[in-house]
Amino acid sequence: LMLGDRLALCICTDSDAHKHDISSALRRALQERLPSACQPDTIAFVPVIPRNVRGKRDLGRLEAFLTET
């Protein structure tokens, strides 16, 4: 998800356990596999990915959720 000129990676989970460990491991794995321009600036944990009435991801609501927190 692009937030302005920043790339955000959203992970859906309702658990607070091990978020730091997951985030760190994911960053290391992405650094090994992706060029720096493709690596996310932010890794965000969200309780749910919002959906529109057609069942598709509602990126506007997701972006609003990320900018609120």
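Of the 69 residues of the protein, 20% count as buried, meaning under 20% relative accessible area, with exposed over 50% and partly exposed in between (1.4 Å probe, protein chains only). This is a predicted model: local features need pLDDT of at least 70, side-chain atom pairs count only at pLDDT 80 or more, and totals for chains, interfaces and linings use all residues. Residues are numbered from 1 along each chain as its sequence is written, and side-chain values use heavy atoms, leaving out hydrogens and water.

Now the fold. The protein has two helices and three strands. These are DSSP runs, numbered from the N terminus: helices are H or I with at least four residues, strands E with at least two. The order from the N terminus is β-β-α-β-α. Along the principal axes, the C-alpha atoms fill a box of roughly 40 × 30 × 20 Å.

Leucine 1 sits in the segment before β1 (2-3). Leucine 1 is partly exposed, at 25% relative accessibility. Leaving aside residues up to four places away in sequence, leucine 1 touches Arg6, Leu7, Ala8, Cys10, Leu59, Leu62, Glu63 and Leu66. Contact here means heavy atoms within 4.5 Å.

What of the cysteines? A disulfide is a covalent bond between the sulfur atoms of two cysteines. The cut-off used is a pair of cysteine sulfur atoms within 2.5 Å. A search of the whole structure finds zero disulfides. The sulfur of cysteine 10 has its closest cysteine sulfur in cysteine 12, 9.5 Å away, so it is too far for a bond. For cysteine 38, the closest is in cysteine 10, at 17 Å, also too far for a bond. Cysteine 38 is partly exposed, at 41% relative accessibility.
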